[in-house]
Amino acid sequence: MANTKSKPTQRGRIRPNGSGYQVSVYVGLDPLTKKKIYLYEQAATLPQAEKARTKLLHQVDEQRHPKKQVSVAFLLDRWLGVAELDESSYERAESIIRNYLKPTFGDLKAAKLTAEMAELFYARLRQCQEQCEGRRNGKTDPKTKQRHLCEPLAPNTVRKIHFILRPALNRGLRWG
């Protein structure tokens, strides 16, 4: 009977290169060019190459699984605290965060927010600023006794929401 167990796949690659060893670790695909991205390091000895591979693998794993599990609300608050905005822009940003971003994404871990989620959020706002997705259009709200008519959010406001969310997330990445 043949042995059906296979050896586990080794992550990263070490190969002789000149007077030492070259270490390479696959990072992922470039989102724009769709080409494979690798991290490289050179080492003089095989034990140093093993250490370098471990270090590179750790870097890749940290990118894929951020060590901080901060919420989107936390990042938005931190961004608002350091953003260089005049008084009226600050008040507008604070209003957008309070009325649109925190109710939708506030409790979500920032690492879990995807571009698809953000784009769907923007699309829903362009249909109805209350994000009802047409379910309540023309129906009477039992609490307020008023008819709901879908009213899209102004394109400029959707753009402002994006220009708040994007830098907050980018700053979160820079902060680790």
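Where does helix 3 bend, and by how much?

A: Helix 3 bends at isoleucine 97, by about 40 degrees; the bend at a residue is the angle between axes fitted to the seven residues ending there and the seven starting there. Quick caveats: this is a predicted model, where local features need pLDDT of at least 70 and side-chain atom pairs count only at pLDDT 80 or more, while totals for chains, interfaces and linings use all residues. Residues are numbered from 1 along each chain as its sequence is written, and side-chain values use heavy atoms, leaving out hydrogens and water.

Helices here are DSSP runs of H or I with at least four residues, and strands are E runs of at least two, numbered from the N terminus. The protein's elements run β-β-β-α-α-α-α-α from that end. Helix 3 covers residues 87-105, and its 19 residues reach 25 Å from first C-alpha to last, close to the 27 Å expected (1.5 Å times one less than the number of residues).

Ile97 itself is buried, and so are Ala93, Ser95, Ile96, Tyr100, Leu101 and Phe105; buried means under 20% relative accessible area with a 1.4 Å probe, protein chains only. These buried residues pack against helix 2 (72-82), helix 4 (115-127) and helix 5 (155-175), with contact meaning heavy atoms within 4.5 Å.

On the helix 2 side sits tryptophan 79, which counts as buried because its relative accessibility is 7%. Tryptophan 79 touches Ala93 and Ile97, and its other partners include Ile164, Pro167 and Trp175. Its C-alpha is also 7.1 Å from that of arginine 171, 92 residues away along the chain.

Terms used: Buried < 20%, exposed > 50% of the residue type's maximum accessible area, 1.4 Å probe, protein only. Lists of a residue's contacts leave out its neighbours within four places in sequence.
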